Amino acid sequence: MFTIKKWEDLTITDDFMFSQVMKDEEICKEVVEIILGIKVGKIEFLTSQHEIEINPEAKSITLDVYLRDEKKVINVELQNGHRLELPKRSRFYQAAADIDNTQPGGTYSQMKDNYVIFICTFDPFLQGKAFYRFENFCLDCNPPLPLRDGTCKLFLNTMADDLTLLDPELKLFYDYIRRGTADSPLTGKIENSINELKENREVRRKYMTYTTRIAEAKSEAFEDGFSAGEEHGIAIGEKRGITIGRNEGISLGITQGAYQKAIETAKKFLSMGLSVEQVADGTGLSIEEIEKL
C-alpha cells in the first residue's frame, strides 16, 4: 500500500508543503536571493505548480515554483529522491522557460537570464559538495572562456557534511531543511507559514485531493496490470493445452503484467516528484529498480 503522510506531519521537505509556502512572495524572494547571492527585483509573475506547454504535441512540464523579475526568470524545484535524469531535466526546464518568456518578434538580446534551482535532500553528484553551480564555458581556452549566455543551473545538496563555504544565511536555510531548526528570520517566516497553512482547511482539502489522486493512480495501475496479466496468462495456458499449463500461464502472465504496470506506475510517481523510497513503498519495486528508471 502507498503510505500517505499525515497532514500534521508535513514539513518544508514535502513537495506539496514546499510549493504552498513558496506562494508567499516575500518568502520566495528571500529564498531565491540567498541561493543566488543576488537581489531579485519586483516580481512580475509568481506561481506554484505552473504548467508550461510549448505546443499541444510537445512534452509539457509542471514547475514547483516559477517566477521572474525585470531581468531574470527563475524556476525552483524541491527534490527528495535521487534521480539520474536531473541534469537533462534542468536543460529542458531552461529551454521551456526561454520559449515561455520570449515574445513573438522579440530579439535574442531581450532574453532574460535563466536560472534553474534544484533544492535536493541528497547529493546529486556524489562529490560531497554542498553547492553545485553550472554555467557554460569553452574548455579549449585557458582559462576556460565563459559563454555568457545568461543560463545557470544550481543544485543544492542540503545533506552535505561540510557547510563551511556557504553564506551564513544559506547555511541556516540548509539547517532548517535538514533538521527543522528555524534559527534565522527567513526560516522563522517559513515555519510560521507552515503552521498557518496547517490551520487552513482549504489547503488541507487540496492536500487530501492530491494524495487521493496518487492513491487512485496506484489502484488503477494495479487493476490494469492484473487484468492484462490474467489475459496474457490464459493465452499461454490455452496454447499449452493442459490445465496445469493454463494455471501456470495465468500466474506467469499476472506476474509479468503486474510488474510492467508497476514500472509504469513508478514512472508516474517519479514525475510527480515523489522520492525513490516513496515510489518503492507505493509500487513494491526495489530501490535499485526505481533508480534504474
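## Close-up views of a predicted model

**View 1. Residues at the contact of helices H2 and H5.** Glu26, Ile27, Glu30, Val31 and Ile34 of H2 are in contact with Leu186, Lys189, Ile190 and Ser193 of H5. Sorted by class, the residues of this contact comprise five nonpolar, one polar and three charged. The structure shown here and in the views that follow is a predicted model. In it, H2 and H5 pack at an angle of about 140°, and their axes lie 10 Å apart. The handedness of the crossing of H2 and H5 is left-handed.

**View 2. Residues at the contact of helices H2 and H4.** Helix H2, formed by residues 25-36, packs with helix H4, formed by residues 168-179, at an angle of about 120°, and the two axes are 9 Å apart. The two helices are therefore oblique to each other, and H2 passes H4 in a left-handed crossing. On the H2 side the contact is made by Val31, Ile34 and Ile35, which meet Glu169, Leu170 and Phe173 on the H4 side. The residues of this contact divide into five nonpolar, no polar and one charged. Val31 and Ile34 are among the H2 residues that meet H4, and Val31 and Ile34 are also among the H2 residues that meet H5.

**View 3. Helix H4 and its surroundings.** The 12 residues of H4 reach 16 Å from the first C-alpha to the last, which is close to the 16 Å expected at 1.5 Å a residue. Buried within this helix are Leu170, Phe173, Tyr174, Asp175, Tyr176 and Ile177. Leu170 and Phe173 are also among the H4 residues that meet H2. The elements that cover the buried residues of H4 include H2, strand E4 (113-120), strand E5 (131-134), strand E8 (151-157) and helix H5 (185-198).

**View 4. Helix H3.** Helix H3 runs over residues 86-101, and its 16 residues should span 22 Å at 1.5 Å a residue, which agrees with the 22 Å that separates its end C-alpha atoms. The buried residues of H3 are Leu86, Arg89, Ser90, Tyr93, Gln94, Ala96, Ala97, Asp98 and Asn101.

**View 5. Gln20 in helix H1.** Gln20 lies in helix H1, which covers residues 15-21. With a relative accessible area of 11%, Gln20 is buried. When neighbours within four places in sequence are left aside, Gln20 is in contact with Leu197 and Val203.

**View 6. Val276 in helix H8.** Val276 belongs to helix H8, which covers residues 276-283, and Val276 is buried, with a relative accessible area of 4%. Apart from residues up to four places away in sequence, Val276 touches Gly81, His82, Ile287, Ile290 and Glu291. Val276 and Glu288 are 12 residues apart along the chain, and their C-alpha atoms are separated by 9.2 Å.

**View 7. Pro143 and Pro146.** Asn142 and Pro143 are joined by a cis peptide bond, with omega at about 5°. Pro143 is placed in the loop between strand E6 (137-138) and E7, whereas Pro146 is placed in strand E7, which covers residues 145-146. Pro146 counts as partly exposed, at 24% relative accessibility. Not counting residues up to four places away in sequence, Pro146 touches Asn136 and Phe137.

View 8. Most residues other than glycine have a negative phi, and most peptide bonds are trans. Leu126 is not a glycine, yet it has a positive phi of about 55°, and Leu126 is placed in the loop between E4 and E5. Leu126 is exposed, with a relative accessible area of 67%. Arg148, likewise not a glycine, has a positive phi of about 55°, and Arg148 lies in the loop between E7 and E8. Arg148 is exposed, with a relative accessible area of 72%.

**View 9. The chain as the setting of these views.** The chain contains nine helices and eight strands, and 42% of its 293 residues count as buried. Among contacts in the chain with a separation of 6 or more, residues 24 or more positions apart account for 60%.

Key:
Residues are numbered from 1 along each chain as its sequence is written. This is a predicted model: local features need pLDDT of at least 70, side-chain atom pairs count only at pLDDT 80 or more; totals for chains, interfaces and linings use all residues. Side-chain values use heavy atoms; hydrogens and water are left out. Axes are lines fitted to C-alpha atoms, for helices over the stretch in contact, and angles run from 0 to 180 degrees between N-to-C directions. Helices (H or I, at least four residues) and strands (E, at least two) are DSSP runs, numbered from the N terminus. Angles under 35 degrees count as roughly parallel, over 145 as roughly antiparallel, 65 to 115 as roughly perpendicular and the rest as oblique. A crossing is left-handed if the near helix is turned anticlockwise from the far one by less than a right angle, and right-handed if clockwise. Contact means heavy atoms within 4.5 Å. Ala, Val, Leu, Ile, Met, Phe, Trp, Tyr, Cys and Pro count as nonpolar, Asp, Glu, Lys and Arg as charged, and the others, Gly among them, as polar. The expected span of a helix is 1.5 Å times one less than its number of residues. Buried means under 20% relative accessible area, exposed over 50%, partly exposed in between (1.4 Å probe, protein chains only).
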